[in-house]
Amino acid sequence: MATPESKPSAIHRYVADNLIDADLSSDTKLAVTLSRTRELSVWHNASKSLLHHWLADDFDEPIYRVSLSGNNQYLATVGKHQVSIFDLNSGKLDVSWLAQGFDSDASISSVHLSQSGKRVLLGMNEGSVITVDLQNKQLSMFQLHDGPVSHVEFIAYDTRILSAAHDGHALLWASSDGRVIEDFSLAQRITSISFDAAQGRIFIADALDNHLIADSHTGESIGQLAFLERYRYFRQALFVDRGKTLITASSKQKVMSWDLSSGKEKQHWNITAFTAGTTVLDMAVTPSGQLMTLSSDGALEMWKL
């Protein structure tokens, strides 16, 4: 039986330009857009109002990645080498520095701000991860991957870190000493990853046609998604409903909801395309239980789950 396709319950396009990167706050109150012209904006999603705005000239080098702190108080931006942290109460630059990996030519490939905004994770393109404690002025560096680190995030009250890279490995490791607790691996570079704090579940997918859903505590597989296509590429993933449902976004416009107990598709949507090649850059669930997506066209859309 075919699953029902839904239309968005609301849509608003923030910028009429393609985005390089974007971030939705975990509570869905804020959206950050980084356009192709390197204009950086912070928006209030309920009122659709512009809170902060920076131009390309405000930065010493072009920026590529953005990350909001969990408490919505800080915004991190990174170029190939420069890291800047902005205070979102004042809109002013809080701190800025040049990051350097084990290889002096290494550049930043991913960034993540902690809940408080006082700890920063930097993934580097030579496989290292840098942890920075701004409050205590401490920096640690760990060589954990053999390729560009595409994803880094704090979990378990910042005591653990989840990182994924082009080497096909997703690692769960101790932030204190870099000790690897679990190693989840696939054949190709990791293209999407999601961690569910409620149940300790992890989802990873690679660039070929492989995916893994596992219990992060035991490392054991807990199921597979059931689809007929020979090739299925996942760009984004998000656990919802206390780990019972997984939302995935493809490299094109399709967003799908999966029942993890059966692995079957529950629902699918197609985001609104304003240009060719549009895709989902970030997803989050509102307190009322609606899915929010932010596309590479700068469009914010709401979906009923």
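Trainee: What share of the chain's contacts with a separation of 6 or more comes from residues 24 or more positions apart?
Mentor: Let's start with the term: contact means heavy atoms within 4.5 Å. Among contacts in the chain with a separation of 6 or more, the share from residues 24 or more positions apart is 41%.

Trainee: What pLDDT do side-chain atom pairs need in order to count?
Mentor: Residues are numbered from 1 along each chain as its sequence is written, and side-chain values use heavy atoms, leaving out hydrogens and water. This is a predicted model, where totals for chains, interfaces and linings use all residues, local features need pLDDT of at least 70, and side-chain atom pairs count only at pLDDT 80 or more.

Trainee: How many strands does the chain have?
Mentor: Helices (H or I, at least four residues) and strands (E, at least two) are DSSP runs, numbered from the N terminus. The chain has zero helices, and its strands number 29.

Trainee: What radius of gyration does the chain have?
Mentor: The radius is taken over C-alpha atoms, and the globule rule is 2.2 Å times the number of residues to the power 0.38. For 305 residues, a compact globule would come near 19 Å. The chain agrees with that, because its own value is 18 Å.

Trainee: What percentage of the residues is buried?
Mentor: Buried means under 20% relative accessible area, exposed means over 50%, and partly exposed is in between (1.4 Å probe, protein chains only). Of the 305 residues, the buried part is 54%.

Trainee: Why is strand E3 said to be largely enclosed by the rest of the structure?
Mentor: Look at residues 19-24, which form E3. The strand is described as largely enclosed because the number of buried residues among its six is five.

Trainee: Which residue in E4 stands opposite Asp23?
Mentor: Two strands pair if DSSP finds at least two bridges between them. E3 and strand E4 (residues 30-35) have five bridges, in the antiparallel sense. Opposite Asp23, E4 has Val32.

Trainee: Is Thr28 buried or exposed?
Mentor: Thr28 is found in the loop between E3 and E4, a hairpin with five residues between the strands. Thr28 is not a glycine, yet its phi is positive, about 65°. Its relative accessibility is 7%, so Thr28 counts as buried.

Trainee: What relative accessibility does Ala156 have?
Mentor: Ala156 lies in the loop between strand E15 (149-155) and strand E16 (160-165). It is not a glycine, although its phi is positive, at about 50°. Ala156 counts as partly exposed because its relative accessibility is 41%.

Trainee: Which residues does Gly70 contact, leaving aside neighbours within four places in sequence?
Mentor: Find Gly70 in the loop between strand E7 (65-68) and strand E8 (74-78). With a relative accessible area of 23%, Gly70 is partly exposed. Arg119 is 49 residues away in sequence and 11 Å away in space, C-alpha to C-alpha. Leaving those neighbours aside, Gly70 is in contact with Ser26, Ser114 and Gln115.

Trainee: Which residues does Ser107 contact, leaving aside neighbours within four places in sequence?
Mentor: Ser107 sits in the loop between strand E10 (92-98) and strand E11 (108-113). Its relative accessible area is 13%, so Ser107 is buried. Apart from those neighbours, Ser107 is in contact with Lys80, His81, Gly123, Met124 and Asn125.
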